[in-house]
Amino acid sequence: MVLSRTATESDVSIHSTFASRYVRTSLPRFKMGENSIPKEAAFQIINDELMLDGNPRLNLASFVTTWMEPECDKLIMDSINKNYVDMDEYPVTTELQAISFFGNHAQNRCVNMIAHLFNAPLGDSEAAIGVGTVGSSEAIMLAGLAFKRKWQNNMKALGKPHDKPNIVTGANVQVCWEKFARYFEVELKEVKLSEGYYVMDPAKAVDLVDENTICVAAILGSTLNGEFEDVKVLNDLLLEKNKKTGWDTPIHVDAASGGFIAPFIYPELEWDFRLPLVKSINVSGHKYGLVYAGIGWVIWRTKEDLPEVLIFHINYLGADQPTFTLNFSKGSSQVIAQYYQLIRLGFEGYRNIMENCRENAIVLKEGLEKIDRFNILSKDNGVPLVAFSLKDHSRYNEFEISDLLRRFGWIVPAYTMPPDAQHITVLRVVIREDFSRTLAERLVIDIEKVLHELDNLQAKITVKKTSEEKEVQNVSNGRIVVKKTALETQEEITTAWKKFVLEKKTNIVC
């Protein structure tokens with residue numbers, strides 16, 4: 001006897017996903033739906049929306065890693081359900097990661113490897129002091145808190161006021177420094193930039209230091225143009241000032257981008273714990289540490305540089321566990337991925353990758369120089385990126401170039417410099433491990449195409465404007481001729497350009 005049944009509207013098991021009712025109606029966006037939907041439909045709907053995102057590998061705005069080897073991808077997925085803070089439950093993962101305080105977990109591998117990379121003054125059997133974070137922003141918060149608490153303790157011991165701490169940075173610092181200052185009530189004293197000099201001037205920074213300065217922050221790899229600030233000169237100048245004043249103002253190095261670059265291709269550069277006033281360093285594992293987003297590190301010179309009062313001890317997850325983080329639970333997969341890269345690549349592998357990035361940055365820079373339309377603002381020695389601006393702004397600007405490049409799939413940011421160089425507008429291309437020489441050459445070709453299109457657009461606008469002016473000049477019989485203002489002319493150009501871009505976008509699939 002053959003059994004059969006009639007499919008009903010609710011029987012979704014025999015329907016194609018794209019024929020089901022779940023793709024025929026709008027799903028709730030801001031309020032949870034009343035009923036469940038099949039897992040296949042949920043996956044397909046979300047996956048379809050994500051197709052509208054840009055290609056991460058063509059996102060040249062970001063320093064963050066967008067490619068890792070398949071073997072590491074598998075390790076990440078296999079460990080994605082392990083909680084970073086459950087040290088007693090996951091002892092091997094704990095040993096790989098970053099909780100290394102005062103002799104606890106003395107063999108924590110990542111922290112010690114990075115500390116040695118930064119020339120921390122460690123004895124043969126001495127453990128490094130450091131912690132893993134979700135990125136350099138959290139690492140900077142923790143380092144800043146350590147500086148603030150140590151400064152407060154010193155001021156209290158001297159019987160002096162300790163309610164008005166300040167920190168000295170360049171105006172080129174990443175926004176996380178502003179967050180630290182605002183969130184933890186520390187005055188931010190910024191050294192202004194100037195045209196042609198887009199990093200912190202060490203002499204001006206030291207001039208801003210006073211008795212209430214908890215530290216001076218130097219940037220090893222400016223976000224704006226990739227340049228390394230001169231930490232050695234800053235250290236020497238600050239040593240002199242400390243000697244004259246009796247203060248003990250330290251240095252923190254924000255090596256978010258440059259910390260995994262300088263040790264491999266600029267080994268003679270003194271910026272790290274070889275300098276006596278450098279007390280802590282942060283670095284982003286998810287930038288040139290070559291790990292996906294979600295991992296950073298902060299290393300202290302010695303245990304005396306991290307006040308123990310800031311470290312909490314808990315035992316409700318098992319054994320006694322020290323913790324010094326702004327959050328608590330988080331995944332362990334990024335820490336495991338960092339350890340994979342450290343042992344997989346070794347010093348040789350990291351050096352080869354960083355040299356390749358630097359060479360591709362030079363290829364791109366030389367390609368742009370041949371176009372002869374841009375000023376190059378980045379340096380050959382620094383983070384491998386190319387920052388450039390137009391020589392002639394009379395017809396169009398960097399923002400228009402950035403927008404048109406999206407038609408080719410490229411995400412190239414345009415931005416203005418901080419004070420006092422805010423009149424400078426810059427395009428920036430970050431060279432990561434997965435940005436090949438072929439892509440660099442292709443980008444130059446596409447930039448030339450964009451410039452050609454913008455040139456043609458401006459020519460059309462000029463012809464149209466000239467034609468209209470002749471028409472007005474030939475009209476008589478009392479017609480009033482009103483000359484357009486410069487603002488009206490600029491608005492006309494902008495409107496025409498926007499119309500041109502929109503027309504092109506409708507015909508191009510990125």
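How many of the 510 residues of the chain, in percent, count as buried? I found that 49% do, where buried stands for under 20% relative accessible area with a 1.4 Å probe and protein chains only.

I noted that this is a predicted model, in which local features need pLDDT of at least 70 and side-chain atom pairs count only at pLDDT 80 or more, while totals for chains, interfaces and linings use all residues. Residues are numbered from 1 along each chain as its sequence is written, and side-chain values use heavy atoms, without hydrogens and water.

I counted 13 helices and 13 strands in the chain, taken as DSSP runs numbered from the N terminus, with at least four residues (H or I) for a helix and at least two (E) for a strand.

I then looked at an open, antiparallel sheet of four strands in the order 10-11-13-12, where pairing requires at least two DSSP bridges between two strands. Its edges are strand 10 (374-376) and strand 12 (414-416), each of which pairs on one side only. Strand 10 is joined by three bridges to strand 11 (residues 385-390), antiparallel to it, and I376 stands opposite F388 in strand 11.

I also checked contacts (heavy atoms within 4.5 Å): among those with a separation of 6 or more in the chain, 69% come from residues 24 or more positions apart.

Lastly, I looked up the lining of the largest pocket, and by class I recorded eight nonpolar, five polar and four charged residues; Ala, Val, Leu, Ile, Met, Phe, Trp, Tyr, Cys and Pro count as nonpolar, Asp, Glu, Lys and Arg as charged, and the others, Gly among them, as polar.

Terms used: Buried means under 20% relative accessible area, exposed over 50%, partly exposed in between (1.4 Å probe, protein chains only).
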